[in-house]
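Dear colleague,

Please find the structure below, handed over together with its sequence. My notes on it follow.

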Amino acid sequence: MMTPTHRRLGAATVLGLHTAAVGAALTPAGVLVAAVAAAVFSGGPTSPDVDNQPGAKAADRRLPDEALGHGGPLGHRRLAHWWGLPTALGVAYALGSYTVGYHPPALVWAALWGAWVGWLSHLPGDAVFGQGNWRYGLPKGIPLMPWWRHVGLGVKCGGKAERVVGRILAVAVAAGLVATAIGWHPAH
Ligand SMILES: [Zn+2]
């Protein structure tokens, strides 16, 4: 999936979860902060696609991570695209804040929630729109195991289908932002 579509999916996921009253209890300002954080952390270098940046690619060429088996953890749609990392971080955060009894200020929490949801939303995006490229040893989809056993539909990244989905997501984000701005919510 291309970066702009990822950002829309991230923001739409936060707005959709809020509308469905799942997860964080957010004020309208919190929803906006979470949506922006989701857009930032769902695409580009501040997302799982950190593994597709020039620096990461150069490091992958230099480091012998292939010795760890299955082609190694470095490389595009490998360890950085594994669902286990954000899941472990979320569990650690929940256990930590519960144990210590600390809860950050509402807008900080909104930003953390949005960043986490945005990062996670990247993964189903690539599971659908992520074709394999055997020249680079890249299977389609995202890894089920830390960096191997990829699963996905392998629909062409940036193709016609993704453009249609991108437009639908843009409408969903706009609708979610308008609903937040006018204070509309199905719960009240
Ligand atoms: Zn990706």
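What covers the buried residues of helix 6 includes helix 1 (3-19) and helix 2 (28-41), where helices (H or I, at least four residues) and strands (E, at least two) are DSSP runs numbered from the N terminus, and where two residues are in contact if their C-beta atoms, placed from the backbone, lie within 7 Å. This is a predicted model, in which local features need pLDDT of at least 70 and side-chain atom pairs count only at pLDDT 80 or more, while totals for chains, interfaces and linings use all residues. Residues are numbered from 1 along each chain as its sequence is written.

Helix 6 itself, residues 160-181, has 22 residues and reaches 32 Å from its first C-alpha to its last, close to the 32 Å expected at 1.5 Å a residue (the expected span is 1.5 Å times one less than the number of residues). Its buried residues are Glu162, Leu169, Val173, Gly176 and Thr180; a residue is buried if 20 or more other C-beta atoms lie within 10 Å of its own, exposed if 12 or fewer, and partly exposed in between, with C-beta atoms placed from the backbone. Seen down the axis of helix 6, these buried residues fall within an arc of 65 degrees (taken over the directions from the helix axis to the C-beta atoms), so they line one face of the helix. The face turned away from that buried side carries exposed residues, among them Lys160, Arg163, Arg167 and Ala181. After helix 6 comes Gly183, whose phi is positive, near 75 degrees.

As for the two covering helices, helix 1 and helix 2 pack at an angle of about 150 degrees, with their axes 7 Å apart (axes are lines fitted to C-alpha atoms, for helices over the stretch in contact, and angles run from 0 to 180 degrees between N-to-C directions). That makes helix 1 roughly antiparallel to helix 2, a term for angles over 145 degrees. In their contact, residues of helix 1 including Arg7, Gly10 and His18 meet residues of helix 2 including Val31, Ala34 and Phe41.

Arg77, in the loop between helix 3 (54-62) and helix 4 (84-100), has a positive phi near 55 degrees, and Arg77 is buried, with 27 other C-beta atoms within 10 Å. Arg149, in the loop between strand 1 (142-143) and strand 2 (150-151), likewise has a positive phi of about 55 degrees, but Arg149 counts as exposed, with 12 C-beta neighbours inside 10 Å.

Notes: Parallel < 35°, antiparallel > 145°, perpendicular 65-115°, else oblique.
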